[in-house]
Every structure is written in structure tokens, then in C-alpha cells.
Amino acid sequence: MRTAIVLFTRDLRVHDNPALSTAAHEAERIVPLFVFDEAILGSAFARPNRVAFLLDALRDLDASLTARGARLVLRSGDLVAETLALARDVAASAVFVAEDASGYAQRRQRRLEEACGGDRTALRVTTGVTVAPLSSIETSSGNQYSVFTPFYRVWSRAPRRPVESAPRRLSMPAGVSRGRMPTLSRLVDGSPSPELPPGGETHGRRRLSAWLRSGIVGYESGHDALAADATSRLSPYLHFGCLSPLEVTCRAGEIAGGASFVRQLAWRDFFHQLLAARPETAHEDMRPRGDRWSGDRDALEAWKNGQTGYPIVDAGMRQLLREGFMHSRARLIAASFLVRDLRVDWRAGARHYFDWLVDGDVANNVGNWQWVAGTGANPRPNRAFNSLRQARRFDPDGAYVRRYVNELAAIEGSAVHEPWKLRENVPGYPTPIADPT
């Protein structure tokens, strides 16, 4: 074919991007396109942390495409209408796009199929957002797995497509209006977290190389140690597709001790497969339990602001506000505290995480929240995390708490994990707002 459009969504990279590499192989010329989708920017996605990271990633993607002979074309408005308008302008024979899991992404794909069919333009849907293609890991009866362990066994044995190299050269039609990169303030109100990581494939690949070189070896034994910060922090780059989950899986799997980290990537695929099969679980219980939730707004606000009086919970919530990131163990502790101790609906917690997390992605965020609440893919639905025991186990000397809770910076050792004594010794630190589970 002469000309094809590559529609970037959550695959903002040139390395191992099946939509880009396939289009570059099959078409003489390509038009790389990103649409600032009014439906997404008018939704819960439009939060400063994620939009700031997105703009970084797009600028980096444009630089990578420019180095190969193309440029990123930017449009704003309805994604389907803008894509088809550009396809007509450049006489494109096909549109290449990566599949995705959310209900919105599935509706968007159906709209693209219908619009492309009406214009006699082929729509080519590729993999790239997950390691295994969505809906490819099924039970013997053809259903999606709803428990992780059997899913993981099949996922681990499933054949993998080859990792694609970045195209060396790209050819683009002349005269295509590129559009302008909008500012953050034009797209969203508010300011991002002060310690937000930089976005983009270049930073993501640099972080990945450093992680594989010196971090992953100790992951299995140290990833739950809160103060050690011994996790990869690759999740924002995976969420925006600045890194290929398949490439990360393959490279990590070649390193001694990498299996534990690869298992976490399998969890990511698991939650994406579940959401793709049941998109309504983004806001509905996967396994309703008839829970009666508290409507205590004061308790919810205290939790959001890291003012619960439980230092380990407050540290996690303040890390979230400061960095747009929270340690994975802290996420579980804080989530369990909200739903088990405060009896607040998991959806309220998921919305707050989604407001601040740079890696906030519907599949992982909702999947983990429903797992904690016992309404999702948890074979032990009554499981709860006792925040005090978790603190003593995963932050035994209190270093994580002191890092994020300034009021407690002078409290020595494990004394920071004694909330009922702290209210007597630390003026201004809140009294615990609930009894522990």
C-alpha cells in the first residue's frame, strides 16, 4: 500500500511497536498520528500528573520519529472523526492501531471499524499494550480466567511473538499539517505533583536498563521493603506504552532472579484480560458481596490527605500526593485500611488513586481495588491487611514513615508505628480515626 496512518494511543514508543513496525513494513509512507481525544480529556483521565507525563512522552516520541524521517501529527477533537479526516487528506489505505482493554477503548475500536468500513479504509488492529494478546489466555471452556494462579501457568507457557526492532527509516507524505503541542494548562486545571517522574520512551528505556543491570537481582527478596524503594518504578512507562511489556518481560526473564518480577507483569496482563472480558467491572463489583459501605466523608478526606493517625497509611497517601506514585505494598495497606477499617466503598478509593497516580490505568487500578475489597479476583475474599502488623513487618525501623510524614521525622525506630502513643508525644499529629482490623 502507498500510505497508512499509525494511530498512537497507549503505545508511545518506536521500539517493539507492532502497529508502527507493521505499517512501516507494508506501506511506502506512514503518517504517525496522536489525537488529543476530547472524550478522554473530558473524563477522569484529565488529571495533571498523567497529562504532564503524556506530554513528555509525546515530545519524546516526536523526537524519535523525527530522527527516522517522520514527525508526529497532532489533532484534537473526536478521535474517530479526526483519524478519518486525516486518512482522507493523505489518501491512506489503512489505519493501524493497538488493541486495548477498557470499555471506552473497545467502543472506540468498534467506531473506528464502522467509520473505516464506510470509507473503504482498512483498520488493522495489532497487539502491543499487553504481553499476551487480549483474550488469548482462556480456560478449556473458552472463558477468561478469574483466578491468577492458573492464568499464570498458561500465560507462562504461551508462545510469544518476536520483539520488533525500531524502524530505521520512515517515509512520510509531504505537506501534512503537523498541528501544535498544547500546553499542560490548556488541557487540564491544576498542577502536577512536585516529584513527578519525566515521561517518554528515552527515560523509560534508561530506567529499564538501570533496573535490569542492578535492581532486579534483589527484587524477589526486597520488593516489599517499603523504605528500600526496591521496585522498578517502570509502571508509568508501561501504562503509556513508552516501554513494551513484551520486551520488558523477555529481557527480565533472561536475568537470574527475574522470574518474580515477570510474575508482576503477568498480573498486569491478568487484570487487562479480565477488564477486556468484563469492562463493566471498572465500576461494578465483579463478585458482589452485598457490602454495606459507610458514607463517612470526613474519614474519606482524612484518608486522602494522609491524616488518618495511622503513620504507615498516611505515609503511603502522602507519597502519592508528592510523587504521583505509591509503593505497591503501601497501595495495598492503604486500600485495605479504607475498605476494611473505614468501610468506605472501594470505588471512592479507586477514584482517588486514579486522580493522582501517573500509572493510573483502569485495568490495574480497579483490578487491585476489587482484589482488596474481596469483590474481584481474590480467592480469599475476606482477606484484610492489619496496618500495624504490616508496618512492623515491611517498615520495621520506620524509615518509610519518616520519609513522608514530616511530623514524625524525629521519632526514632519502630516507635513511629505506635499511633495511640504518638498522639500524646507529637502535637498536631491526628488521633487514629479507627480501630485496626
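How many aromatic pairs does the count come to? The count comes to 23 aromatic pairs, where rings of Phe, Tyr and Trp (its six-membered ring) pair if their centres lie within 6.5 Å, and planes under 30 degrees apart count as stacked, over 60 as edge-to-face and the rest as tilted. One of these is the tilted pair of W267 and F271, with 5.4 Å centre to centre and 40° between the planes.

This is a predicted model, in which local features need pLDDT of at least 70 and side-chain atom pairs count only at pLDDT 80 or more, while totals for chains, interfaces and linings use all residues. Residues are numbered from 1 along each chain as its sequence is written, and side-chain values use heavy atoms, with hydrogens and water left out.

**Aromatic cluster and charges over rings**

W267 and F271 both belong to helix α12 (residues 259-277), four residues apart, about one turn of the helix. Helices (H or I, at least four residues) and strands (E, at least two) are DSSP runs, numbered from the N terminus. Y145, F148, F151, Y152, W155, W267, F270 and F271 form one aromatic cluster.

| Charged residue | Ring | Distance to ring centre |
|---|---|---|
| R50 | F354 | 3.9 Å |
| R160 | W155 | 4.4 Å |

**The sheet and its helices**

Five strands make up an open, parallel sheet in the order β3-β2-β1-β4-β5; two strands pair if DSSP finds at least two bridges between them. At the edges stand β3 (73-77) and β5 (122-126), each with a single partner strand, so one side of each has no neighbour in the sheet. Strands β1 (residues 3-7) and β4 (residues 94-98) run parallel and are joined by four bridges; V6 has F96 as its bridge partner in β4.

Helix α4 (residues 79-90) lies across β1, β2 (29-37), β3 and β4, at about 155° to β2. Helix α5 (residues 103-118) lies across β1, β2, β4 and β5, at about 150° to β5. Axes are lines fitted to C-alpha atoms, for helices over the stretch in contact (heavy atoms within 4.5 Å), and angles run from 0 to 180 degrees between N-to-C directions.

**Helix α17**

Ten of the twelve residues of α17 are buried, so this helix is largely enclosed by the rest of the structure. Among the buried residues are W369 and W371. Their cover includes α12, α13 (297-304), α15 (328-341) and α16 (346-356).

How values were computed:
A charge sits over a ring if NZ of Lys or CZ of Arg is within 6 Å of the ring centre and within 35 degrees of the ring normal. Buried means under 20% relative accessible area, exposed over 50%, partly exposed in between (1.4 Å probe, protein chains only).
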